[in-house]
Every structure is written in structure tokens, then in C-alpha cells.
Amino acid sequence: MQGGGAKGVAHAGGLIAIEEEMLSIKGIAGTSAGSIAAALVAAGYTGKELADPKAQKHLFLRPPFGTEEGSLPYSKPTQLFTPLGWFVLRILKTIPGVPNRILSPFSNRWALYCWWILIFVVSAGALGWMTLYEPKALRALPAIIWQSLKFAAPWLLLGLVFLFVWGLWGITSVRNVRKIIDRVIAKKLSDRLKLAGINKDCNITFADMDLVGCPPLKIIATNTATESLELFCAERTPDVAVADAVAASICLPIIFKPKRLIFTRRTPFADLKMKGKFLDGGLVSNLPAWALDEERLLHPGVPTIALSLSPPAPVNNKFWFAALTGTVVNGSSEVHTRTPNKILTVALETNATLLDFDMPATSVYAEVAAAQARVTKELSVALRGPVVLQQAVSELHKELQAILDAFRNHLYYPNPGKDRIRIGISVQRGNSMKTLSTAFTAGYRKADPDGELTVLLKDSHAGAAWADGAVIVDDFGSGTAPRFPVSPRAWSAKTWLLCLPVTGATKPEQKARPIVITIDSNVAFNRASPNFNQHYREFCTFITALVEGYTESMDLAQYAQGANTWL
């Protein structure tokens, strides 16, 4: 779960969609705002408990929040900050938008043109009036402005220096965040802690959560003492309070004061004493899918879902320093979500900004609902796609076997128990552009070396089929050289190969990603038969017609047009 300040509210919508698919979470990792959601989900909170757009309820309207004695006296996200801290942040959040609100107060184009004309007419009229009736005041205006600037400059400079120093120290603390996270986790786990013999109602540690059976939780922060990434989890930092790890992970420079922590970090080689200040984990890894590598080894068939946060439109109009900051925080997500296992990255487009903690509840629910719809759509394709594609090769394999049997004794010499025909679907995975990887197969055996074969698009049978948009057939027993190089990992027993490209409708701005069906066999063709050429043509024609008809009716291409890291 990616960090992003107030944009992190979208994670609730993603969680609701995941829960509606009845998916079981085997581990969860988060950075900054994502660490808040990750900690709460690991403790047992559901997406709807965080924010439910249908019931119009959110976390702050549920226990342990309230006005009763012993409850947390918080009712809105702005109370995560100190009153003075939020006051300053609100001013800083407002200042950049002031010029835009003055110059562009209307969304309607003609109303905006009229506003600009009004500003020009009033300004020109005022200047003309002063020229005609107050020429002395007009001539004195530059001197007045200069004297005002001379008077104000020292104070402005002093204010900027004060804000700069204050920003280096941190405008507000994470004290409230730490208190809230600790209490809500303790509240959720109270019964399970008692059953485990843990008599605690605060300072719940990673070891405590592990002991009561919570899914593995990984939280990322920046360790300024060692100038490195800090991974908080039950294995490395068992005695650290989860709330402290979350507080460290959200310490965005300038906004929050660095979080001081003292703990023992366990490693495979030694136990190290850690003491120092910690800052926002987004500075080093804002979408930490890599943190669950050990869980993926334990559950190799379980895929990973990475929920990222992004604006709904390109942001190429930023000043270079703002763009650089965004790149530092978000630009490494592609690296940090790279894994050989199955992974689905969903960008939760949100209109919220980093500091929109005061957005109205209606906007919060709208953001959650939009994120839920986006993840539901992505999961629908991701979960159904592999099922449809595997079902396709299984059904086609049965039909192919029937065609092969029909040509027995006519096209080839039968070898009972050894004659085979296989089918595979090859796609491009992740950001690959020059290769095709076999993702789904039928008729393959464990001993076959090419069950997960990857070939180059250039100079391969499958690549040529896609590039030419035509069926490629090769008879390896004909006595002529193969039409294209054959991988050394390919099935050495095959005597015949057919590759067919699968095409479908794509969005106008989207390039079609390759998807090729490969069919091969090891039968020994009866080339001495006087009707061999006719039977061979019919064999290839029947297979081509079968596969083309099936792929078009099922529109298989649509399931391979994404990142395909889920396959």
C-alpha cells in the first residue's frame, strides 16, 4: 500500500473490493499513509470499517472514538495534527492556490473570459482615472511602493527564515497519530490478546500481533542515523510498537518532526542496537511490494496486489523541484514492485492532494467508492483472465487431440502412448517488449523443458506470427532448415509447429500487446503416402479454423492487454 498523505483514504476502497472477492490476505506491507492502512488491516479492520461509502460511516465514527469517558476525543482526520500544526499546514496548503482562485474562479470558459475582461477594464479604468484626476498620486505611486517594500522586506525575510528553521525542525509532531494507531489496534485485538495471555491495552508490538495470529505486517521508514531503509516487522523488530513504526513511516520532512526511536534490529548475522531519528518511508520505498518476498516463498502460488496512488491526469506542468520531489517519492515504484511471482499493480486515481485532510466526508466517500470501482474492475479481469485462458487451452487441446486422432494412419504413423499434441498461450509479461513467455499450457508434461519458455519476438516462430499477423507453420522433419531459430530449451521431440496470433479490439491510444497460440506435435509424418500433401494441408487448415473460431468467440486477446504480471 503506497504512501500519499490524505490520498491514502483511497486504500479503503481498494480493500473493500479485495474483501468482496473473498480473498485471504497472507501478508501486508505499507509505507507512510499506506502503513496506517496496513497496520489497521493487519489488526483485523475491514475496508468498510475504515470508510464505508454506502453506510456513510468512517473510522472516526466508531469506537474507540467518541465523547464517553475513556474514548479517544477525535472526530476528524485534521486532529492527527496539533492545532497549531494544522493551522500552519492549512495556510501553506492554501497559499499556492490563491493566485489560481483569483485569476480562474470559474470553470465555465465564457464566464472566465468575462472575468478576465472585467479585471482588465477595472484596472485600466483605475489607471486612467488617476492619470486624469490624480496625476500627482500616480507619479508618487512608485515611491510609495518602494517605501512599502523597504519596510516589509526585513519582516518578510525574518518570517521566511523562521518558517525555514521551523520546517527543518518539523511543523508538527506525530504524537496524535501514534496515540490513535496504538489505541485502535489495541481495541481491535483486545479479546485475542487476552486469549493469548497478553495483558496489554497499549504499546502493541509486532511480536504481539504475530503471537495472536495477525497476518505478517511490514512497515517501511527512512533511518537517518544509518542513512538507510528501515524495515519494521516481527522478524527484524519484534519489540517495536506498531504505532511507533507507523509514526516513523509517516514523518514527512518539514510537516512532521522526525520520530526518535531506540530498538534492537535483528538480522541473519547479528542483533544491532538502533538509536536515531526516522523519516517518511516514501523517501526510500513508497510501494514496498518487495517487503513480502519471504511470504511469496512460503506461498508461491499466491499473487500480490500493489495499490498505488496517482493523480487522475498528467502532472507535467509542475515546477522542476516539485516534479523532482514527486519522482523521488513515486518514481521507484516500478522497481519496488518487481517480482518473478504474480503481481497486480492497481493505480488508485484520486483527486485528493497530499494535505487534503480537511476534505468533506462526501468527498472522502466519493474517493473510496471510485477506488473500490477501479480495483473491482481490475480484479475482475485479473481473476477471471487466468481462468479463461487456462480453460481455453484445455478445451482446445481436447479438440486438437480429436483432429490428430482423425488423421491417424492417413497423415502419420501411429505410435500408441507416445503421440502427443500440445498447446500453449504466450504473452508479454510486465514491461517486456522484446520477448514472449509461455503462460498457459495443455498437453505438456513435467519433464518437458519448455513449460515456461521465453523467446525473442525477433527471429522466432511466435514472434514472426505476431509481427506478420499470419499463421506460421513449420515441418521440422521435411529435411529443410527450420524457418526460424529454435530455442535450445524447446521440446526436442517435436516434429511440427503452428503459431497463430490472437488479435482483438484495443483502445485507440493503446498498442495491442502480443498474444500468440503455439501448437506442436511429435508425430512421425507418413511422407511416403501419395496423399501426404493434401492431408497435411487439411490438418493445418482444420487446426487453424478451430483455433481462430474459438479465440474470436471468446475474445481472448482482452485478457493479455494489461501488464500481465498476474499471469
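## A walk through the helices and loops

What covers the buried residues of helix H1 includes H2, helix H3 (47–50), strand E2 (51–52), strand E8 (304–310), E9 and H14. Keep in mind from the start that this is a predicted model. Which residues of H1 are the buried ones? They are Ala10, His11, Ala12, Gly13, Gly14, Leu15, Ile16, Ala17 and Ile18. With 9 of its 11 residues buried, H1 is largely enclosed by the rest of the structure. Just past the end of H1 sits Met22, whose phi is positive at about 60°.

### H1 against H14

One of the helices covering H1 is H14, so let's look at that pair. Helix H1 (residues 10–20) and helix H14 (residues 361–406) have axes that come within 7 Å and cross at roughly 40°. That angle makes H1 oblique to H14. As for handedness, the crossing of H1 and H14 is right-handed.

Where do the two helices meet? On the H1 side you'll find Ala10, Ala12, Gly13, Gly14, Ile16, Ala17, Ile18 and Glu20, and on the H14 side Val368, Ala371, Gln372, Val375, Thr376 and Leu379. Sorted by class, this contact has 9 nonpolar, 4 polar and 1 charged residues.

Is Met359 buried or exposed? Its relative accessibility is 17%, under the 20% cut-off, which means Met359 counts as buried. Leaving aside neighbours within four places in sequence, Met359 is in contact with Ala6, Val9, Ala352 and Val364.

### H2 against H8

Next up is another helix pair. The axes of helix H2 (residues 33–43) and helix H8 (residues 175–195) come within 9 Å, crossing at roughly 15°. That makes H2 roughly parallel to H8. The crossing of H2 past H8 is left-handed.

In H2, the residues that meet H8 are Ile36, Ala39, Leu40 and Ala43; their partners in H8 are Ile181, Val184, Ile185, Lys188, Leu189 and Arg192. By class, the contact has 8 nonpolar, no polar and 2 charged residues.

Ala43 is worth a look of its own. Ala43 belongs to helix H2, and its 1% relative accessibility makes it count as buried. Not counting residues up to four places away in sequence, Ala43 touches Ile185, Lys188, Leu189, Arg192, Met209 and Cys214. From Ala43 to Lys187 is 144 residues in sequence and 9.5 Å in space, C-alpha to C-alpha.

### H15 and its strands

Helix H15 (residues 461–468) is mostly covered, with 6 of its 8 residues buried. Those buried residues are His461, Ala462, Gly463, Ala464, Ala465 and Trp466. What do they pack against? The answer is four strands: E12 (435–442), E14 (472–475), E15 (496–501) and E16 (515–521). After H15 comes Gly469, with a positive phi near 65°.

| Residue | Phi |
|---|---|
| Asn409 | about 75° |
| Asp459 | about 60° |

Where do these residues sit? Asn409 is in the loop between H14 and strand E10 (412–413), while Asp459 lies in the loop between strand E13 (454–456) and H15. Asn409 has a relative accessibility of 54%, which means that it counts as exposed.

There's a peptide bond to point out too. The one from Pro63 to Pro64 is cis, with omega near 10°. Pro64 lies in the loop between strand E3 (57–58) and helix H4 (83–94).

### Stepping back to the domains

Finally, the overall layout. The domain assignment gives domain 1 (5–80 + 175–359), domain 2 (83–169) and domain 3 (385–561). How far apart are the C-alpha centres of domain 1 and domain 3? They lie 46 Å apart.

Technical notes
Residues are numbered from 1 along each chain as its sequence is written. This is a predicted model: local features need pLDDT of at least 70, side-chain atom pairs count only at pLDDT 80 or more; totals for chains, interfaces and linings use all residues. Side-chain values use heavy atoms; hydrogens and water are left out. Axes are lines fitted to C-alpha atoms, for helices over the stretch in contact, and angles run from 0 to 180 degrees between N-to-C directions. Angles under 35 degrees count as roughly parallel, over 145 as roughly antiparallel, 65 to 115 as roughly perpendicular and the rest as oblique. A crossing is left-handed if the near helix is turned anticlockwise from the far one by less than a right angle, and right-handed if clockwise. Contact means heavy atoms within 4.5 Å. Ala, Val, Leu, Ile, Met, Phe, Trp, Tyr, Cys and Pro count as nonpolar, Asp, Glu, Lys and Arg as charged, and the others, Gly among them, as polar. Buried means under 20% relative accessible area, exposed over 50%, partly exposed in between (1.4 Å probe, protein chains only). Domain bounds come from an automatic or database domain assignment.
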